[in-house]
Amino acid sequence: MLELNTVSKSYGENTVLDDVDLRIRDGETTVILGPSGSGKSTLLRIMDLLEVPESGSLRINDDAVTFGGRISDAQIRSIRRHSAMVFQGYNLFPNHTVLKNVALPPVLNGKLSASEADERARQLLDKVGLGERLSEYPDNLSGGQQQRVAIARVLALAPDYLLFDEPTSALDPELEAEVIKVLVDLAHENRSLIVVTHNIAFAQKVADRVIFLDDGHIGYDGAPAEFFASDNERIRRYLSTFSAI
Ligand SMILES: Nc1ncnc2c1ncn2[C@@H]1O[C@H](COP(=O)(O)OP(=O)(O)OP(=O)(O)O)[C@@H](O)[C@H]1O
Ligand SMILES: [Mg+2]
C-alpha cells in the first residue's frame, strides 16, 4: 500500500497540493487526471521523493517518512526501493547499448548479478518488442522504441509501484500506439501502476481507478465509469476540453 496523508506542497506563494490524502491500492492501475498545472507531476514525484512537501507523510508498505523535518539518505533509499518512474523524456544512457540500459540498473543497486540481469533484460526487451535491437544505441531508435526501453528498464528493477508521468506525450500518434500497447499489457498483469496521462482513451482503457486533481485538491477518487459519466461541473469542463479537439 502506498499512502499519502495530509500532504501540502507550495512553490513560494503558489500552493500546488493542499492537504492531499491518497491511498493507492496494490495490483490496480490508478490513473491521475487533471488540467495542466493542477499538481499531477508534483504528486507523482512526491511518491518517489523527487519533490519533498512541507507537511504530511508518505508511507509505502513498511517504510514511512514524515515531512517538515530533515529526511535522511537512508529514508530516501528505503522509499525509493519500492518504486521506479518512467518520464516523458526517456532518460536512457546514450553511451550504453539497449541491453546494457536495461541490465545495468539492477546490478548497480545490488538487486541482481550481472548474468541474472543480462538474462532478465533480454526477456523484458523481448516483451516490449525490442528483442532484435539489443546491441543498438538509444540514438538509433525512434522515440517510441526508446520509451519501450525505458519501460523495460524500470521493469528490470521489479519495483512494487511503477510510476509513469505522461509516458507517451512526447510521441507521434503511431509511436504512441506501440508504447500504449505495452502499457495496456502491463496493466493487465495485476501490477501496481500509477499513471499520469492526458490521453483519455488510454485512461479509459486501463484505469481501475481515477484520481482527478483540480487545483491542488482531489476532485474525484473512485471508479472510472462514474468519473467519465460524472455530471460534476469541473469534471465535465475538463473532459469537454478533449472532445473539442
Ligand atoms: N520546480 C518548480 N518551481 C516552481 N513552481 C513549480 C515547480 N514545479 C511545478 N511548479 C508549479 O506547480 C504547479 C503544478 O505543477 P505540476 O507540474 O505538478 O502540474 P501538472 O498537473 O503535472 O501539469 P502538466 O499537465 O502541465 O504536466 C504549476 O503551477 C507549476 O508551475
Ligand atoms: Mg505534469
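## Charge over a ring

The side chain of arginine 153 sits over the face of phenylalanine 93, and its distance from the ring centre is 5.2 Å. This model is predicted.

## Open sheet

Six strands make up an open sheet with mixed pairing, and their order is S6-S7-S8-S3-S9-S10. The edges are taken by strand S6 (83-86) and strand S10 (217-222); each has a single partner strand, so one side of each is left without a neighbour in the sheet. On average, and with direction ignored, neighbouring strands of this sheet are turned by 15 degrees against each other.

Within the sheet, strand S3 (residues 29-33) and S9 run parallel and are joined by four bridges. Here threonine 30 stands opposite arginine 209 in S9. Strands of a sheet pair through backbone hydrogen bonds, either parallel or antiparallel.

## Aromatic pairs and cluster

The structure contains five aromatic pairs. A tilted pair is formed by phenylalanine 212 and phenylalanine 227, with 5.6 Å from centre to centre and 45 degrees between the planes. Phenylalanine 212 belongs to strand S9 (residues 209-214) and phenylalanine 227 to helix H8 (residues 224-228), so the pair ties together parts that are 15 residues apart in sequence.

Phenylalanine 212 has a relative accessible area of 1%, and because buried means under 20%, this residue counts as buried. Phenylalanine 227 is also buried, at 0% relative accessibility. One aromatic cluster is formed by Phe212, Tyr220, Phe227, Phe228, Tyr238 and Phe242.

Key: Residues numbered from 1 in each chain as written. Chains lettered and ligands numbered in written order. Predicted model: local features only at pLDDT ≥ 70, side-chain atom pairs only at ≥ 80, totals over all residues. Heavy atoms only, no water. Phe/Tyr/Trp six-rings, centres within 6.5 Å; stacked < 30°, edge-to-face > 60°. Helix = DSSP H or I, 4+ residues; strand = E, 2+ residues; numbered from the N terminus. Buried < 20%, exposed > 50% of the residue type's maximum accessible area, 1.4 Å probe, protein only. Lys NZ or Arg CZ within 6 Å of the ring centre and 35° of its normal. Pairing = 2+ DSSP bridges. Axes fitted to C-alpha atoms, helices over the stretch in contact; angles between N-to-C directions.
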